[in-house]
Amino acid sequence: MEKYDILIAGASTTGAWFAKKMAEQGHSVLVIEKQEAENVSREYDIFHMGKKEMERFDLDIPKQGDDDYGFVFTSGRSYSPYGNYSKQGKETVVGMHKHEFIMKMNRQAEAAGAKIIYGAAFSDFLKDEKGKIIGAKYLTAEGEQQVEAQLVADCTGIPSAARRKLPDNAYVENFALTPADIFYVVLYYAKYTDQKINPLDLHGFFMQYKSWSAPSGDDHGAILGIGANYDYAYAEEIFKDVRKNVPWPKYTVDKVEKGMTPYHRTLYSFVEDGFIAMGDTAFLTKPTCGEGCTSSLYQAEIAVEVISKLLKEGKPLTKENMWSINKRYIQVQGKDFDSLRPMLIGVIGYSYKEAEYMFKHDIIFCQKILGGMGQDLNLTAADIAKIVGGMLKGVATGNIKMSNVKKTVKGLMQSGEVGKLYDEYPDTPAGYFAWKEKADALWEKIGKVADTCDPEILRRISK
């Protein structure tokens, strides 16, 4: 039976990056990927990454002429629901052909020494007589195979093929995502009728609809996207609102792509004895949009450092020895991401007219907040007081409902509660389950962004 230091299930962004970095550290790495090579990451053609993050994680930025190159542009504006007011973005974004880019990452992992087997689907853990994880079983066209490994890394995304096989008493949660925990994304590849229109000039994000416009790389072409909980039908209904409410140049649709991304608070713990959950499997996606290609690498970077050090020192990859991955990730990104979720719940529930008013008067939808989404917002007491004061003025003038103001204040307060609780995350597994009990109670009280979905649309599409 073959033996490896690391077995990775899933060969997309996180799996390929983790494989390359661990192989570069001199460790033996096997990657198993359910899809055949020609079908890897085919759910979308074009996808985007921030140039700054790509540089941060040593990702190979394609140049014009490369088969994975699409385009480079400066991120657009955050628009009000009717498109009358906006806040400018400043991030440089790289558009790429996803399959070609991921396959390049896989080739780089192989060049570093990792082995990749395509058409190989994780089926179960391989365990010793005491029930300890010592590797994995996987299925190929030739039947079931087995491999030993000191660590199994689940990078299979929403299916969470390995994580879901963990026992109920594991430190890594094994629940399945529901439709309320997933973003169903629909991408319309459009061509503008007026050839004088530059798609870069129209790039932007509409928070109230969770919709956006981005260049597609083709002449006069754009990707008009929408993401929503529950199913694609709900997303498509919301997209009709965008087109009805926002003046937009005429276009034709060449093709439509659909895919899913997790939209759930982060796993409380990533590690178990001989196991780690990574990437979309651990729900490491940005709370503002559900994108996780680069945000997941903050955790992966920590994991490489901690796990490589343990292997070089000959120490076992137990949850105790790997626990610092949990603690450090919370400090680097997890606290900021999950603290945003309650605030978003309080904001997204506003009507289009209310949100338009707040964009106009820089209430909530201000440069500081929209420019800091996904990062530490550092909202001061003065900032919060200004927000609340602006909303109360909106109530007095009949432009905002008091019930929505209360929801926003509640969201802001709960954001603070999440931050405080995450500051108390245990330093060792010993205090984990007591902390988890508090966290479960808090998230039960907070709810989900899916709770803000339009009940009338949900009833209509369910018929």
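Colleague: What makes β4 and strand β7 (residues 92–97) a pair?

Modeller: Two strands pair if DSSP finds at least two bridges between them. Five bridges join β4 to β7, so the two strands meet that rule. They run antiparallel, and Val72 stands opposite Val94 in β7. Helices (H or I, at least four residues) and strands (E, at least two) are DSSP runs, numbered from the N terminus.

Colleague: Before we go on, what kind of model is this?

Modeller: It is a predicted model, in which local features need pLDDT of at least 70, side-chain atom pairs count only at pLDDT 80 or more, and totals for chains, interfaces and linings use all residues. Residues are numbered from 1 along each chain as its sequence is written, and side-chain values use heavy atoms, with hydrogens and water left out.

Colleague: Why are β3 and β4 called edge strands?

Modeller: They belong to an open sheet of three strands in the order β3-β7-β4, with antiparallel pairing. β3 and β4 each have a single partner strand, so one side of each has no neighbour in the sheet. The twist averages 25 degrees from one strand to the next. Angles run from 0 to 180 degrees between N-to-C directions, using axes fitted to C-alpha atoms, for helices over the stretch in contact.

Colleague: And which helix lies across this sheet's β3 and β7?

Modeller: That is α3, running at about 90 degrees to β7.

Colleague: In the seven-strand sheet, which strands are at the edges, and how do you know?

Modeller: The order is β6-β5-β13-β14-β15-β12-β16, in an open sheet with mixed pairing. β6 (86–88) and β16 (251–262) are the edge strands, as each pairs on one side only. Neighbouring strands here are turned by 20 degrees against each other on average, direction ignored. For β6, the partner is β5 (residues 77–79): three bridges join the two, which run antiparallel. Tyr79 has Ser86 in β6 as its bridge partner.

Colleague: Is Asp58 buried, exposed or partly exposed, and what makes it so?

Modeller: Its relative accessible area is 48%, so Asp58 is partly exposed. Asp58 sits in the loop between α2 (51–56) and β4 (69–74).

Colleague: What stands out about the phi of Asp58?

Modeller: Most residues other than glycine have a negative phi. Asp58 has a positive one, near 60 degrees. Ser160, also not a glycine, has a positive phi of about 45 degrees. Ser160 is in the loop between β11 and β12 (182–192), and with 0% relative accessible area it is buried.

Colleague: What makes a group of residues a nonpolar core?

Modeller: It is a set of buried Ala, Val, Leu, Ile, Met, Phe, Trp, Tyr and Cys residues joined through side-chain atoms within 4.5 Å. The largest one has 106 residues, and Phe18, Ile276, Ile307 and Ile325 touch the most other members. Helix α5 (residues 296–312) gives the largest share, 10 residues. A second, separate core of 22 residues includes Ile197, Phe206, Ala235 and Cys453. Beyond four places in sequence, the contacts of Ile276 include Leu151, Phe270, Ala303, Ile307 and Ile325.

Colleague: Where is the confidence under 50?

Modeller: At residues 372–376, where the model has 11 contacts beyond four places in sequence. pLDDT is the predictor's confidence in each residue, from 0 to 100. Where it is low, the predicted coordinates should not be read in detail. Across the protein the mean pLDDT is 91, and 96% of residues reach 70 or more.

Definitions and conventions. Buried < 20%, exposed > 50% of the residue type's maximum accessible area, 1.4 Å probe, protein only. Contact = heavy atoms within 4.5 Å.
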